[in-house]
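Reader: Could you walk me through the aromatic contacts in this one, and then perhaps something about the surface?
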Amino acid sequence: MVSFQPSEEEQMVRDTVAAFAREQIRPVTREADETGSIPDSVIQQSWELGLVAGAIPEALGGGGDARSAVTGALIAEELGWGDLAIALHILAPRLLVYPVLEMGTEEQKKEFLPRFTGPRFRAVTAAVMEPRFGFDPAEMTTTARRENGHYVLNGAKCYVPLARTADAILVYARLGNGGCENVAGFLVPQGTPGLHIAEREKHMGLKGIETYEIVLEECRIPASQRLGGDRGCNFGRILNQCRVALAALAVGVGRAAFEYARDYAKQRRAFGVPIAQKQAIAFLLAEMAIEIDASRLLAWEAAWKLDRGEEATREAVLAKQYAANTALRVTDGAVQILGGHGYIRDHPVEMWLRNARGFAVFEGLAIV
């Protein structure tokens, strides 16, 4: 029988992250959006929750917890409810750690994973998206060729979180023909010749997190740094894990906007009654709540199939697409419910709308 109730352990993790989002993230969201910088104290406190180190085996210094996409979706939703930019910063190390944990060689696990079991936040990231119209992850233009015991990478990536400060970047590139089966990951250390990091990108939203465009020009790395070695990695599965994470984050952003608009509508009075009692407002809020719940269930279904090791591409694509649309509709609806107040920066709904607009194009910015 299908159960829609998180286990006791999952609920404990969810409650812990929700409390962190409410007490530590929410108070600094506007500051991060205005200044373009996230307080180091918040990032460090998130690290101490063990959201990265917990899944690393005890033999390598981690917590040894079983990794679960469902638990990852629960965490992503709560962090997205707190703030999308801060959530992506907190989750960025997973972009490298989790693929190495699941698909890396034993040597790669021993080399990289112990670095993330210490007491301080450590920045690493991954590069998936490319700066071109109609980008398709299965048809990358960034290429890798084998040459004398090395791989030579050429191409460009964008929306790479924390690229400037990351110790290493997991770069995905095409080997030979197109298709996810021909995409490989490469662990590129910071400072590798041929790796060029451009200026920080300027976005409509996500102003708190630093993302960069990177260029790879004859960037040579040892063949041993290919994720999974000669057997490679399952990029299709990684992509689905990223889609589920983005779907869950979108649910969190939408839920934040809905709750704010709902509470505002209950307090704001017009013609002697709360505007929540007006039919148009009440129906809009009901539709927002329905769409959020539907998006969450789609994300959970895809995560559940991932945890079972099943093919989940259809479910992950539907979850990501539906949740992205829902986040945009709900945040726009929240701005409408607040009326003129929704357009000014005294209220966070305009920020959530700007952030939600990006889900339509995001790929590979988070992973469960």
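Author: Let me start with the rule: rings of Phe, Tyr and Trp, the last by its six-membered ring, pair if their centres lie within 6.5 Å, and planes over 60 degrees apart count as edge-to-face. This is a predicted model, and in it Tyr159, Phe359 and Phe362 form one aromatic cluster.

Reader: And how many aromatic pairs does that rule give?
Author: The count comes to 6 aromatic pairs. One of them joins Tyr159 and Phe362, whose ring centres are 6.0 Å apart with the planes at 70 degrees, so this pair is edge-to-face.

Reader: Where do Tyr159 and Phe362 lie?
Author: Tyr159 belongs to strand 3 (residues 150-161), while Phe362 is in the segment after helix 11 (349-356), so their pair ties together parts that are 203 residues apart in sequence.

Reader: Is Phe362 buried or exposed?
Author: Phe362 is buried, its relative accessible area being 4%, whereas Tyr159 is partly exposed at 22%.

Reader: What about Tyr260 and Trp352?
Author: Tyr260 and Trp352 also form an edge-to-face aromatic pair, with 5.9 Å from centre to centre and 80 degrees between the planes. Since Tyr260 sits in helix 8 (residues 235-267) and Trp352 in helix 11, the pair ties together parts that are 92 residues apart in sequence. Trp352 counts as buried, at 4% relative accessibility, and Tyr260 is partly exposed, at 28%.

Reader: Switching to the surface, which residues gather in a patch of negative charge?
Author: That patch is made up of Glu8, Glu9, Glu58 and Asp65.

Reader: Why does Glu8 count as exposed?
Author: Exposed means over 50% relative accessible area, and Glu8 has 73% relative accessibility, so Glu8 counts as exposed. Glu8 is placed in helix 1 (residues 8-25).

Key. Residues numbered from 1 in each chain as written. Predicted model: local features only at pLDDT ≥ 70, side-chain atom pairs only at ≥ 80, totals over all residues. Heavy atoms only, no water. Patch = residues over 30% accessible without salt bridge, like charges linked within 9 Å, V, L, I, M, F, W, Y side chains within 5 Å. Areas by Shrake-Rupley, 256 points an atom, 1.4 Å probe, with all protein chains shown as cover. Salt bridge = Lys/Arg side-chain N within 4 Å of Asp/Glu carboxyl O. Lys, Arg positive; Asp, Glu negative; His and termini not counted. Charge placed at Lys NZ, Arg CZ, Asp CG, Glu CD. Helix = DSSP H or I, 4+ residues; strand = E, 2+ residues; numbered from the N terminus. Buried < 20%, exposed > 50% of the residue type's maximum accessible area, 1.4 Å probe, protein only. Phe/Tyr/Trp six-rings, centres within 6.5 Å; stacked < 30°, edge-to-face > 60°.
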